[in-house]
Amino acid sequence: ALGKGSAKDIVKVVAINQLQGIVIDDAVAQKVGVWQNSQFTNPYVADGYITDMNQGEGEKTGTFQATTLTTGIYEVRLAYTHGANRASRVPVTVSSAEGEKVIYVDQRKTSYISPGFVSLGSFRFEAGGQAYVLVSTSDTDGFVIADAVQFLPMGVTSSLAEADSKGGPDNANSTENTALQTKLSNLEKQ
């Protein structure tokens, strides 16, 4: 249940252009095995997410590859829709300049970064180098969901891009946002 909150808190569908950094949606992920598109549970990014339908354990992967990263440190985030019937230990491999690292994600737990993301950690990537996240169904105990992967440059903390500002309480951090945007621009130039 979403409970009480402002309309701003009730996000159901997030467009890719509302998100910061580099976002790879499930629609362009490289899929092995049969995945089903779904919009059953929200919030989700773009046109929905993919689910393994809790079938073919160990036979399916979804690879979210970033080809436009510049050299630097990025926080990598995975979006999924949580639920009681989800897998409690989904193996997610992040491939970066540091090699490969497997992180286990409990998709029964609420994804704690709005809207629907969890952090997989911070990793160093190099331009033209390995930069992908692979979601696997190996040894899973429920439905595996893959929605989107977000690569956030170091120093950017919010998933959502700031809306056009016209004053008011939402603009209280505009100085901080300007500083972050400047830092982001400098990182992109490097």
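Proline 115 sits in the loop between strand S10 (99-105) and strand S11 (117-125). The model is predicted.

**Cis peptide bonds**

- Most peptide bonds are trans, and most residues other than glycine have a negative phi.
- Another cis peptide bond runs from asparagine 42 to proline 43, with omega near 10 degrees.
- Proline 43 is placed in the loop between strand S4 (36-38) and strand S5 (44-45).

**Positive phi angles**

- Asparagine 54 is not a glycine, yet its phi is positive, about 55 degrees.
- Asparagine 54 belongs to the loop between S6 and strand S7 (61-65).
- Is asparagine 54 buried, partly exposed or exposed? Its relative accessible area is 41%, so asparagine 54 is partly exposed.
- Aspartate 139 is not a glycine either, and has a positive phi of about 55 degrees.
- The loop between strand S12 (132-136) and strand S13 (145-146) holds aspartate 139.
- Aspartate 139 counts as exposed because its relative accessibility is 68%, and the cut-off for exposed is over 50%.

- Strand S9 spans residues 90-96 and is mostly covered. Seven of its seven residues are buried.
- In a regular strand, side chains alternate between the two faces of the sheet.
- In S9, Val90, Val92, Val94 and Ser96 point one way. Pro91, Thr93 and Ser95 point the other way. Residues of both sets are buried.
- How many bridges pair S9 with S10? There are seven, and the pairing is antiparallel.
- S9 and S10 form a hairpin, with two residues between them.
- Serine 96 stands opposite glycine 99, a residue of S10.
- S9 also runs antiparallel to S12, joined by four bridges.
- Which residue of S12 is the bridge partner of serine 95? The partner is tyrosine 132.

**Threonine 51**

- Threonine 51 lies in strand S6, which covers residues 49-51.
- The relative accessible area of threonine 51 is 5%, and buried means under 20%. Threonine 51 is therefore buried.
- Leaving aside residues up to four places away in sequence, threonine 51 touches Trp35, Gln36, Ser38, Phe143, Val144 and Ile145.
- A polar atom of the threonine 51 side chain lies 3.0 Å from the backbone nitrogen of methionine 53.

**Valine 32**

- Valine 32 is part of strand S3, residues 30-32.
- Valine 32 has a relative accessible area of 46%, so it is partly exposed.
- Which residues does valine 32 touch, not counting those up to four places away in sequence? They are Glu59, Lys60 and Thr61.
- Valine 32 and threonine 61 are 29 residues apart in sequence. In space, they are 5.1 Å apart, C-alpha to C-alpha.

Terms used:
Residues numbered from 1 in each chain as written. Predicted model: local features only at pLDDT ≥ 70, side-chain atom pairs only at ≥ 80, totals over all residues. Heavy atoms only, no water. Buried < 20%, exposed > 50% of the residue type's maximum accessible area, 1.4 Å probe, protein only. Contact = heavy atoms within 4.5 Å. Polar contact = N/O pair within 3.5 Å; in protein donor to acceptor, adjacent residues only side chain to side chain. Pairing = 2+ DSSP bridges.
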